[in-house]
Structures are given as C-alpha cells and as structure tokens.
Amino acid sequence: MYYFCYFLLYAIVFAFGAAIGSFLNVCIYRLPKNESLWRNQSHCMTCGTPIRKRDLVPIFSWCRLRGKCHSCGAKIPFRYTLVESLNAVLYVLVFAWFGILENPLPAVFVCLLFSALIVVFFMDLDTQLINLGVTGFIALLGLGKTVYDLIFHTGTLLSHGIGAIAAFLPLLLLVVLSGERAMGWGDAYLMLAAGLFLGGKAVIVALFLGLLLGAVFGMIHKVRTGDSKFAFGPYLSIGIALSVFIGQPIADWYLHLLGF
C-alpha cells in the first residue's frame with residue numbers, strides 16, 4: 001500500500017507535468033507571434049481544423065493518432081509530444097530529488113523554473129529570441145525562492161543578490177562591447193533572473209556550463225553550416241538546469257581546491 005501511494009503520487013506529478021508541457025507548446029508557438037495564449041482554439045497547422053477535446057490528451061493523443069491530424073492526415077510534429085514528455089519526466093525527477101513528501105515546495109519552484117527553461121530553449125532555437133515575459137516569470141520565481149530561503153533559513157538575501165549580479169554583469173559587458181554580435185540582451189536578462197533563483201555560487205557554475213556547451217556546439221554549428229551566428233539561450237538553459245542539482249557542490253569543491 002505504501003509503494004502504491006508513492007506510485008500514485010508520481011503518476012499524478014507525471015500527468016500534471018505533461019499537461020503543463022502541452023501549455024508550453026502553446027507558449028513556444030504563440031509568444032514569438034505575439035498571439036494570445038488563451039483565446040484562440042488549438043487547431044491543425046495544415047488544414048486549420050480545430051483539435052477535438054479527446055485529441056488534446058498530452059502524449060497519449062499523439063500516440064493514438066500516430067502523429068497525424070485526424071482530419072487531413074498531415075503529420076503532427078514530434079516536438080509537441082517531446083516537450084510534453086520532457087516536462088513530465090523532469091517534474092518526476094525533480095520531485096524524486098527533493099522528496100515528494102519531504103520538500104514539495106522547493107520542488108514546485110524548480111519544476112516551474114524547468115518549464116520556463118524549456119520555453120526558452122525551444123523558442124530561442126527557433127527564433128534566436130528570448131521572450132522577456134518568460135525571463136520575468138523566472139525572476140518572479142527567483143523572488144519567491146529568495147523569500148522561501150529567508151523564511152526557512154536555507155539561503156541568504158546576499159547570496160541571491162550576488163547571484164543576480166554575478167552572471168549578469170559579465171554578459172552585460174559582452175553584449176555592449178560586441179554590439180550584440182557575441183550575445184544578445186535576452187541572454188543577459190536570462191542569467192540575471194536565473195542568478196536571483198540560484199544564488200551566487202550555483203549561477204557561476206551555470207554560466208560556465210552554458211558558455212562551455214555553447215562554445216562547443218557553436219563550433220560544430222560553424223563547421224557544418226559556415227555560419228557563426230547561433231542561439232545561446234538553449235545552452236544557458238541547460239547550464240541553469242544542471243546547476244540546480246550540481247552547481248553548489250561543484251562551486252564548494254572548487255573553492256576547497258583553492259584553499260578557501
């Protein structure tokens with residue numbers, strides 16, 4: 001009975017994550033076009049037929065329809081179910097990491113952060129733009145996380161304040177000095193918001209991992225296409241996500257190695 005209850009809780013988390021993932025698809029598609037996230041009914045991108053309610057079940061509907069529109073038979077991009085599945089799996093992993101009963105509130109903060117990062121990842125990949133509304137949402141999460149840490153004595157105001165500045169200032173200089181050719185304002189604002197969430201130590205690791213991944217895949221992109229321009233947001237997003245789990249330990253290990 002004990003294990004069944006845990007299984008049921010994680011099944012609910014997975015289903016909720018998939019449902020949120022479905023909304024993330026709407027954000028990824030509509031935000032760059034400045035379309036309403038609420039008013040317009042979901043429809044087939046090929047024939048324009050409204051999607052039936054029974055075909056709106058995340059993940060399951062795509063599999064049941066075999067990735068095709070029920071009306072015209074046009075292929076439904078696999079990315080839709082990928083985003084839903086990714087968000088659902090991440091929610092389960094986050095709650096497993098923090099403890100679904102032990103620390104549910106920090107898990108909720110991180111789940112919402114990961115959802116926002118998924119939107120940043122795919123939207124920047126498509127348009128090379130990072131929506132300010134999404135970074136503003138991450139900043140609000142950072143404020144909420146700061147208040148939580150102050151109440152439960154799991155972090156300090158100074159750490160969160162340093163986190164907001166530590167990664168933002170280097171990127172700010174890079175944006176200004178390069179005339180936005182090396183990196184855009186959206187990347188700098190993303191790290192500002194993420195730094196408020198992560199704190200001083202973890203955000204430095206996030207920035208390092210993001211820049212490292214971006215440099216590696218940027219070189220691969222240039223070799224393959226000859227174009228040196230690419231989206232940095234996806235790699236910064238991965239760095240931020242990884243640093244939620246390993247940022248603090250890596251920073252502490254490095255400082256210990258230096259004798260601090």
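Is Ile250 buried, exposed or partly exposed? I looked it up: Ile250 is partly exposed, at 33% relative accessibility. The scale I used is buried under 20% relative accessible area, exposed over 50%, and partly exposed in between (1.4 Å probe, protein chains only).

Notes on the model. It is predicted, so local features need pLDDT of at least 70 and side-chain atom pairs count only at pLDDT 80 or more, while totals for chains, interfaces and linings use all residues. I number residues from 1 along each chain as its sequence is written, and side-chain values use heavy atoms, with hydrogens and water left out.

Ile250, continued. I placed Ile250 in helix α10, residues 233-257. Helices here are DSSP runs (H or I, at least four residues), numbered from the N terminus.

Cysteines. I searched the whole structure and found 0 disulfides. A disulfide would be a pair of cysteine sulfur atoms within 2.5 Å. Cys5 is partly exposed, with 35% relative accessible area.

Ala164. I found Ala164 in helix α6, residues 157-166. Ala164 is buried, at 12% relative accessible area. What does Ala164 touch, leaving aside neighbours within four places in sequence? I listed Leu192, Gly195 and Leu196 as its contacts, a contact being heavy atoms within 4.5 Å. Ala164 and Leu196 are 32 residues apart in sequence. In space, their C-alpha atoms are 4.4 Å apart.

Methods. Helix = DSSP H or I, 4+ residues; strand = E, 2+ residues; numbered from the N terminus.
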